[in-house]
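Please examine the protein shown below with some care.

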Amino acid sequence: GHVVTNKEGKATIPFPVPGNVGTWLVRAIAVDTGYHFGQEEIEIISKRTVNLQASWPRIVRIGDKFQAGCSITTTTAGEYSISVQVKNANNPTLDPPVKSAGPTTLTVSVKENTPTEVVFHFEANGYGDVTATMAATLNGK
């Protein structure tokens, strides 16, 4: 494709950034009708407004009482109320082989670029794998 620039040789090109977090290298190469060439290269960092980093034990035994949860970081300036819900993808009650020993939704206050721990309490009461998910809600959204 082609893009028409302004008198200073600049143009704005909107484009979607993939949903995954990362650094993207964008390179533009230009040529005009007089065969003058130019190029520009920039890095674009895509990041989510709220990031969750899970912290769960790999192995527990029947009868173990344990804590698990996540660390939350927000990249937007300010302080936010964030609710985190934990559930089993196949069994919303997490029971068995793990049952909740407390609330399955917690709300914390998070400041920009300040990791905040969210800790849930559980008890192992059976054998098998658990596929738990955590979902964050920022300011009720």
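The following questions and answers concern a predicted model.

Q: Why is the contact between Arg27 and Glu41 called a salt bridge?
A: A salt bridge requires a side-chain nitrogen of Lys or Arg within 4 Å of a carboxyl oxygen of Asp or Glu. In the pair Arg27 and Glu41, the closest N and O atoms are 2.7 Å apart. The value lies within the cut-off, and the pair is therefore called a salt bridge.

Q: What makes this pair a link between distant parts of the chain?
A: Arg27 belongs to strand β1 and Glu41 to strand β2, and 14 residues separate them.

Q: Why is Arg27 called exposed, whereas Glu41 is called partly exposed?
A: The term exposed applies over 50% relative accessible area, buried applies under 20%, and partly exposed covers what lies in between. Arg27 has a relative accessible area of 52%, so Arg27 is exposed. Glu41 has 40% relative accessibility and therefore counts as partly exposed.

Q: How do you know that Arg61 and Asp64 form a salt bridge?
A: The closest N and O atoms of Arg61 and Asp64 are 3.8 Å apart. Because the rule asks for a distance within 4 Å, this pair qualifies.

Q: Are Arg61 and Asp64 buried, partly exposed or exposed, and why?
A: Arg61 has 61% relative accessibility, and this value is over 50%, so Arg61 counts as exposed.

Q: What makes the pair Lys65 and Glu123 a salt bridge, and which parts of the chain does the pair tie together?
A: The side chains of Lys65 and Glu123 meet at 3.8 Å, N to O, and this is within 4 Å, so the pair is a salt bridge. Lys65 lies in strand β4 (residues 65-74) and Glu123 in strand β8 (residues 116-124), so the pair ties together parts that are 58 residues apart in sequence. Lys65 itself counts as exposed because its relative accessibility is 67%. By this rule, the count of salt bridges comes to three.

Q: Why is Gly9 called partly exposed?
A: Gly9 has 49% relative accessibility. Gly9 is found in the segment before β1. Its C-alpha atom is separated by 32 Å from that of Thr76, 67 residues apart along the chain.

Q: What makes up the lining of the largest pocket?
A: The largest pocket has a volume of about 810 Å³. Its lining has 25 residues, and Thr5, Gly9, Ala11, Ala28 and Ala30 lie nearest its centre. The elements that give two or more residues to this lining are β1 and β2 (37-46). By class, the lining has 13 nonpolar, eight polar and four charged residues.

Q: What makes up the lining of the second largest pocket?
A: The second largest pocket holds about 350 Å³ of space. Among its 18 lining residues, Arg58, Val60, Val98, Gly128 and Val130 lie nearest its centre. The lining has twelve nonpolar, three polar and three charged residues.

Q: Which residues make the nonpolar surface patch?
A: Phe15, Val17 and Trp24 make a nonpolar surface patch of about 250 Å². Trp24 is found in strand β1 (residues 22-31). Trp24 counts as partly exposed because its relative accessibility is 30%.

Notes:
Residues are numbered from 1 along each chain as its sequence is written. This is a predicted model: local features need pLDDT of at least 70, side-chain atom pairs count only at pLDDT 80 or more; totals for chains, interfaces and linings use all residues. Side-chain values use heavy atoms; hydrogens and water are left out. Patches are made of residues with over 30% relative accessible area and no salt bridge: like charges are joined within 9 Å, nonpolar side chains (Val, Leu, Ile, Met, Phe, Trp, Tyr) within 5 Å. Accessible areas come from the Shrake-Rupley method with a 1.4 Å probe; for residues, only the protein chains shown count as cover. Helices (H or I, at least four residues) and strands (E, at least two) are DSSP runs, numbered from the N terminus. Buried means under 20% relative accessible area, exposed over 50%, partly exposed in between (1.4 Å probe, protein chains only). On a 1 Å grid over the protein atoms alone, a cavity is a set of points where a 1.4 Å probe fits but cannot get out, and a pocket is an open set with protein on both sides within 12 Å along at least five of seven lines; lining residues have an atom within 4 Å of a point. Grid points are joined across faces, edges and corners, and a volume is the space filled by probe spheres set on the points. Ala, Val, Leu, Ile, Met, Phe, Trp, Tyr, Cys and Pro count as nonpolar, Asp, Glu, Lys and Arg as charged, and the others, Gly among them, as polar.
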